[in-house]
Each structure stands twice: as C-alpha cells, then as structure tokens.
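Please keep the sequence and the model in view while reading.

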Number of protein chains: 2
Amino acid sequence: MRHIVLTGLSGTGKTTVGRLLAEKLRRAFVDTDEHIERREGCTIATLFEARGERHFRHVEEDAVREALAGPPAVISLGGGAILSPRTRVRIAAEHTIWLQCSIPVLVARTLEEGGGTRRPLLRGATLEERCEQLLREREPLYAQCQFHVCADGAPEAVVDQIVGLLAAASTARAEFTITARAHPQHPEYRVIVGRGILGELPGLVEGYHPTSRAFLIADQEVWQLLEAIVVDVWATSPATLHATAFPAGEASKTIETASGLWTWLAEQRAERHEPVVALGGGVVGDTAGFVAATYMRGVPLLQIPTTLLAQVDSSIGGKVAIDHPLAKNLIGSFKAPDTVLVDTALLASLPARQISNGWAEVLKHGVVFDEELFSAMERDALALRRLRSDLTFATVYRSLQIKAAVIQEDEFEQGVRMLLNLGHTLGHAIEAAAGYGNLLHGEAISLGMVGEGWMAVRLGMFRERDLQRLEQALERLGLPIRLERVDHEHVRQAVLSDKKVRQGRATWILPVRIGEAKIVHDVDFGLVNGAIHYLEHGEA
Amino acid sequence: MRHIVLTGLSGTGKTTVGRLLAEKLRRAFVDTDEHIERREGCTIATLFEARGERHFRHVEEDAVREALAGPPAVISLGGGAILSPRTRVRIAAEHTIWLQCSIPVLVARTLEEGGGTRRPLLRGATLEERCEQLLREREPLYAQCQFHVCADGAPEAVVDQIVGLLAAASTARAEFTITARAHPQHPEYRVIVGRGILGELPGLVEGYHPTSRAFLIADQEVWQLLEAIVVDVWATSPATLHATAFPAGEASKTIETASGLWTWLAEQRAERHEPVVALGGGVVGDTAGFVAATYMRGVPLLQIPTTLLAQVDSSIGGKVAIDHPLAKNLIGSFKAPDTVLVDTALLASLPARQISNGWAEVLKHGVVFDEELFSAMERDALALRRLRSDLTFATVYRSLQIKAAVIQEDEFEQGVRMLLNLGHTLGHAIEAAAGYGNLLHGEAISLGMVGEGWMAVRLGMFRERDLQRLEQALERLGLPIRLERVDHEHVRQAVLSDKKVRQGRATWILPVRIGEAKIVHDVDFGLVNGAIHYLEHGEA
C-alpha cells in the first residue's frame, strides 16, 4: 500500500487536510515540518536562518525518507521539499497530491496563520508577489503529482475529493513478456512497467539464487542520485549488491570503459549465473549490456532504465553496443535482458530537456503505428512535459507495448522494425553534424521527422495538414522543428556528403498519414537538399 | 579433377612411371626437374652448386605451382620438393602417390642412371648410407601421401596398381549442416570437410553478393605460408579480398588485438553483409570470430581452421572469445559461423607436435562417445601422426560429426556437451600451471584424461585395463601421459589450490568405459591429490 503524500505551497492547507484525511483513512499523519522542528528543537525559520537553505534541505530530505520508511501514512511535505530530486524520485513511488490554491486565498490563509513568520521563504517583497514567484518556480515540479486538487474550498470537501480520486487510482503497474528468439535458453523476458517498482529489484536478484550477488553498473550522476534509494530498497535482501559507476555521458561509451567493467567483474570473480544490473540511461544500458553480453560469453542482465528515452526505447529490443572512434554503436551485439524494470518514478529527477527528448521517440511510435497515441500526446503535451504521474505511466506503457510488438515480429531489424527508424536517416546526420551533445538524440529525431515529413509531402504521400499537425505536436512537447543553434551549412554538408544519400541508395522511412509509414528507396538527392532548406527556413 | 602427383626419393622411378601413367590416362606429364632444367638452361646439379639449396627450393616451389596451375596432369616431383611446407599444402589438395623402393633397388637404379651425378643430394658418403639417411629424414613427409605404392617391380605393374587405387579413391569431400538456434536468421550453417577445398572460398564470398568484399584475418605465420595459395585461388573471383594478420600465438588473443581489428574493419567501412574470414588456428578463430560477432552487432563469419585442433574442435560450436589478463576466454560470445571450411590439405605444413595436439581432442571424442573411433585411432595411430591423407580426412570428418551432434543437442553447454570436457578439469589446471606454451592444450588434455581416468578407476567406475588402453593410445599418438618437463610441485599447488576442487564442488567428467563418460560431482580432494601423484610417478 502506498503512502499518500501532500505537496503544494505553504498555506494551501496541507496540514489541516492531511490530518483530516489520515483520520478518515485510519492512517498515521506525518507533517515533515513538525517532525523537523521537534527533532531540531527550533522552528524551521530559525534553522533556515542559522544554517542556511542547503542544510535545511538536507535535513528535510532525511525527514521525508524516514516518514516513507514507516507504515503507509498520510504525509504532508514542506512546500520546497520537492526541490530535492531524490525526494521527488522517492515520493513519485507513492500517491502524490498537489494541493493548489488561488493566490488571494493563499495570501489570506498565510496572513491568518501569523503573516508567514514560520515560513521563511515567504518573507520579503509583497506576500502576493512572493507567492506568485514561488508558484512559477515550482509549478513544473508540483505538476508531476498524480492528482491536482483545488484546495480553495473547505478542508472537508477537499478530503472527500481526495478519497474519491484515490479509490479510482490506477495500480500503475503492468507487465508483459517479450519472446527473444535470439536466446533460446531464455525464450521470454519480462518487462515490468510501474510507478515505484524499484523495490522489486532485490527479489529479482534473489530469483537467481537466494544468496546471489548482483553487479550493478551505473553512471556517476545516476548513482549519486539513486545510491541511497537503492540501498534503502536493498536493506532486507539476503542477496549481495556490488556497485560501480563510470563518468556520465556518451564519451564513456568506449572500449576502455567496457574493459574496466570486465576487469571489475573478473576481479570479483563474478560467475556465469550472477546478474549484471544496468541502472541508468542509454549509455549505461548499452555499455553495461554489452559487458553482460560478453563477460563469460554472457551473464544475466537486468535493465533498469532511468531516462525517459531509455525507458521507452533502448532498454528493450536487445541492442547493446559501445562506440568506436570512427562510428557510434559500432561494437555490440544482440542481448536479451532477463527483465526490464521500467520504473517511471525514477524519471522524477530529470531536467525538462531530457523529458522532451524522450517523448520524441514516443510520438514517433504514434506517427508510425498508432494515431490514437499521437492524438493523446497532442492533447496532453503539457502534462507529459511535466511528467504528470499517471499519464506518464500510461504513455510509457503504451509506447513499450508498440515497440515490443514490433521487435517481436522482427527481432533482427529486417522488416517492420525498420519503420521505427522514421526521422532517423536525416536525424542521425543532423545529430552528428551538430556535434553529439549539442542536440539530444530526440531533438535530432524531431528535426528528422519534420524534414522527412516534408519530403513525404513533396512526394505526394503525406498531407501538408498532417505535417503541420506533426510539427505542432513536436513543438508542444518542447522539441525543435527548425534548425536553430546549429551550424546549418555544416548540417547540409554532412547530410549531402553521405555517399548513400548522394547516390540515392539510402533507406528512408516516410510517413503516409499519422499512424502509418513506409519504406522508400530511390529518393532524389534534390529532395533531401530541399528538406534541409525547409528545416532552415520553413519553406523550400 | 585432381592432378596425380608422384613423390619419393630419387631413383624410385617417378619419371618412368609418371610418363606411362600419363599415357594410360591420356593426361599431360610434367617432370618438375626437367621443367626447371629447361627453364634455367642448366642441370639441377649445376643450379644447386651455383646458387645453393635455398635458391633451388624456391625455384622448385614455383615450378610445382606452375604445374598445378595447368590442366589435370601427372606430375613428378623432385625428391626434396616436399620439404617446402607450401608445396606440401598445395599437393595435399591433389592425388598424391609415394613411390617407395627398398634401398638395394634404389642404389642399383641410381647407379644405372649414371651414379647420381644429376642428383646432388646423393653425393658423398656411400650411396646406400645417403639413401637411408634421406629416407629417414623425409619419411614423415612422404607418408602424408594418399597412396603408398611399392615401386620395386616393373613400371607397368606399378602403373596398374596406381590406376586401381585411383579408381577406388574417396572423393574426400563431404558436408553437413548444424542448426544454430542462437541465430534464427541463419538457422543452419554448413560444415564442408574436404581435402583441397580452399578453392571454394571465393565462391562462398560471392554468394553474399557477386562483388562482395571479404575481410580475411590470419596470424602472421599462417599468412606467410598461405598468402600465395589464397591469392592463387582468388585469381579469377570478382569479389575483393582484404587481408590482415596479427602476430601468432595466444599472447595476441587480447582486447588490444580485437580493438585493432575493429578499427581495421571500420577504416575500410566494412558493411553488415560483408563476411569476415578467419584463417588460422584457435587463436585466430576465437579472436576474429569475436570481432565478427561484435562488429556492427555481427557480420557473417567464415571459419577456415588451419590447425588440426581448430579443425576438429574450436571451429564449430560457435564459441568465440578473447583472453583477459585475469582469465582465458573471459570475454566472448556465441557466434555461429555461416560456413566452416575444413580443408585437411592445410594441415600438411604442421609440425609433428601440433598434429599430436589435435588428435588428443579427437581421441577424447572416441573415449566419451564412440569406441569405434577410438579403436580405429589406436590401430592407425602412426599413420595419423604422419597425417596420411585419406585417413586424416576420414578421422577429422568422423570427429566433427560427433561434435556437431553433441552441440546441436546442447548448444549452450548445459547437458551432454559438458561431457566433451573430459580431461579438462585437470587438464586446464595443468596447462595453466605449466605456463601456456610449455604444454600445448592437447598435451594438457592428454594428461588430464590419464589423471581423470585414474580417478575413475579408483572410484570403481572404470576398468584398470581400459586406463592402460587409453594411455597406450595417447602414447602412440605422440602425447604425454606423465608429467615431464613440467614443474610437478607447481602443478600440484595449482590444482589443489583451486577453491572448487578443494571444497569438492568442481564438476568432473569421468570415463565409464571406452565410448562412455559421465558427470561426477563431490569428488574427494584426496583423490585429486592421488591423480597428480599418479601422473608424476605412474602409481598412487
């Protein structure tokens, strides 16, 4: 059973509502601010002044952690608690409620309670201005919450509304299996998608052997954020966890990193039945996956993707690889993981650009296979950018199901799976020309989809109206649809100097309508040139 | 149609018999000595004196090559032509006949023809002594020939005998397929076993695409020997051959070598459909195989094993790997080749120790699965050590069939395939303790089989008599059955310090009788100690 976590600005009535809600549901009530004041023996305001915000946030993070470690309760958080990425990830596993108030109500309630003396961040400027500013700053983070509830009315009415929402709440957990013909000894692998399912990891490891060791590989940024959380979920497991982390970023996806990881496994005498756990984004999944595919000719692999792009795309399908100085993903293999644990709560720490980056691939699934998914994303674009909890779970799940169906039909990318490369022929060239890191993969694919969509319009395959719809959806998701902040001439040269493109031998995936695409060969060189021009100027 | 190549000491009547045979079969006759004399404008003896043996052998090698390049003929070789390993490999692809004479006949014929003035190597000492010495030196090489014919009698009778032998000659080519479930996109791969089938390589490459490129990887020793032969068979192919070679030996089986090969492929922009050809022994097959398994997540692989051990063992089964400083074969994968081309003619250059090394694994197949194979090897041990042509082909083929059946039943080494590890638990430890290179793999496995056979006798599973039979067969094949030239104490320490062995958790494959073995766990530590003692002293 999940905790019920109340968030929102100071003055929205979290304590009052929380206490009533706890009573009604016969649960304990924890107010983390009260907890901190009791433990530290002073008011929050004093603590804030004496030790600074940074220290306070640290104390607050601990208080949230302790509250979550107890039996399922109603927990009211301080208004700024969600500023901690670690806290966001932790509470994203629970039921989260954002109590919203209109500014006048907020101001009135704050004045009623004593003018905000207990609430350090509300001092200075006018109260109204400060409230507005805080809301602007924190709205993107509060918006991740599962339920957004207006708390202007009477507390009893707010409580009733919350009880109703909770009763109808989705379980936010689902699983399905993928048949990986490449590995007859593991004919199927599980994909578990859920919100707050990281706690299932120790059980998966114990499944190999009650006292198995797991060899967790992460990047240093992910591990800095998630180590404490992993240690918490591991606390009671009889299995042993060994962990290592390499520097974050594509630059780590090298033979040298793989080599270091092989040595790490060898030094610990990791055995053939002991799983590697890949915890991170695409770079970690690809690198750790390649190491797991090749150490002792293959050890079990558990994938725990932590970025949206990895969750919806790279963590399933079995493609693993490292880069070579001469080409990306040049050294690799097909390696089916034993289990993919897609925990959407882990996304709660991602910066906005990374989120848009992931939705680009999901929208692509909509364009190629599923108009319904596309329409839903078009409608909910803003909420998706904010990672609104249940919506994110449902959209990630739908996207994974599409990808799973495609790769099961075509494991080795010889037919329908090629359609997943919509936007990629142009997108890869743009990504490379822009310099890796300047454009994120999803951003490049967004541009690629627009350029290829334009080509499809010119070929009379795709309606102008659908191209506009595609561009609008991408823009709403926070993705680029024109070449900006990129050296246009360099991109043009890069794309056009590709021998296959020049000779018309490149394979293009072009949209036919929203929800359908097809493979096209023999595309004229001039048309590609036109697409670049369109991406530069919005016209051919 | 193959050439008919006559070899033997000077004076055995190669020219006379050859001319008659050619007439009878309506073929051209080529005498390479005559050819050389005509071309160089002087006698062999003069050439030999003026330019030395080394130059002469070089000229002779060319003459043989030219003769073989023409239409199927009867070719008579100079007595020492088989001293060239490259010539041996070339003629091993043809019908080869060793004309043998008793020494008195040889002496008489040589005197008749003018006292050996034309035959430089017969001068000095007494003629009889020189003949005996030459025969001793060259017998191991002549003995590779397909047919051994006594030429003491009348040339017409010898010719009749040869015609009869040729009429009944085996085609010495067979093929079968192995189903590799690991690669559903290539559900079956071909194993072609034959004598002189290297010429099929260009056709295999053209099979991917008429103008494919093939990327051949060899070690420098193999390539030094075989480059000229590969170039000859490639002469008329429209496919392009790129080749590279790394230093020979286990020390090359590293991440660095693999890395260099990845770069080589990347620099030449090798594409996904272009095959890698692994030409060499186990080190080349494993390393090039691993590179082919991982470059672009896998490109087609053609295995051309050139050592006996690789032909009968490592080239099929799909296990590829490189070494890690901490353990052999630690980094690898399962990679089914598209085709394995097992050309037993390529063995003709191997030194004696390498040949025995290979037969160790074949005899093991007999011990574990096939008493008939064991008995045949016991009987023909000397001829096998000499690589007698048809016998070698038949034995390699039988051994491959056994291994193919086993790996098809158990591709991932979870059941019956483990039985192939007879001799390996002890053998690996002995090999490592002796220092790689001091004992060859097959030699270590020979010792391992003896030690494990002794353990099986002690456990009452295996008869003492069968152990003796096993030891005799190994000895006849030129393999060690006692620890000699090895630091005994070091071996003892290495074996006994293995944690699994100490704790009785190692997996042992022990023989039950000749032709059957089984898996045994829980072997007492003292028994292993006894086995080492037995290998040292021949008694426990």
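Which residues of helix H20 (residues 488-497) of chain B are buried? In this predicted model, the buried residues of that helix are B:Val491, B:Arg492, B:Val495 and B:Leu496. They lie on the same side of H20(B), because the arc they cover around the axis is only 115 degrees.

## The seven-stranded sheet

Chain B contains an open sheet of seven strands with mixed pairing, ordered E6-E7-E14-E11-E10-E8-E9. At its edges stand strand E6 (173-179) and strand E9 (240-246) of chain B; each has a single partner strand, so one side of each lacks a neighbour in the sheet. On average, neighbouring strands of this sheet are turned by 15 degrees against each other, direction ignored.

The partner of E6(B) is examined next. E6(B) and strand E7 (residues 188-194) of chain B run antiparallel and are joined by seven bridges. Within E7(B), B:Glu188 is the bridge partner of B:Thr179.

## Helices across the sheet strands

Helix H9 (residues 220-234) of chain B lies across strand E8 (213-219), E9 and strand E10 (276-280) of chain B, and runs at about 150 degrees to E8(B). Helix H16 (residues 389-409) of chain B lies across E6, E7 and strand E14 (339-343) of chain B, and runs at about 10 degrees to E6(B).

## A loop proline

B:Pro71 belongs to the loop between helix H3 (44-69) and strand E3 (73-76) of chain B. Its relative accessible area is 66%, which means that B:Pro71 is exposed, the cut-off being over 50%. The C-alpha atoms of B:Pro71 and B:Asp33 are separated by 19 Å, and these residues are 38 residues apart along the chain.

Key:
Residues are numbered from 1 along each chain as its sequence is written. Chains are lettered from A and ligands numbered from 1 in the order in which they are written. This is a predicted model: local features need pLDDT of at least 70, side-chain atom pairs count only at pLDDT 80 or more; totals for chains, interfaces and linings use all residues. Side-chain values use heavy atoms; hydrogens and water are left out. Buried means under 20% relative accessible area, exposed over 50%, partly exposed in between (1.4 Å probe, protein chains only). Helices (H or I, at least four residues) and strands (E, at least two) are DSSP runs, numbered from the N terminus. The arc is that of the directions from the helix axis to the C-beta atoms. Two strands pair if DSSP finds at least two bridges between them. Axes are lines fitted to C-alpha atoms, for helices over the stretch in contact, and angles run from 0 to 180 degrees between N-to-C directions. Contact means heavy atoms within 4.5 Å.
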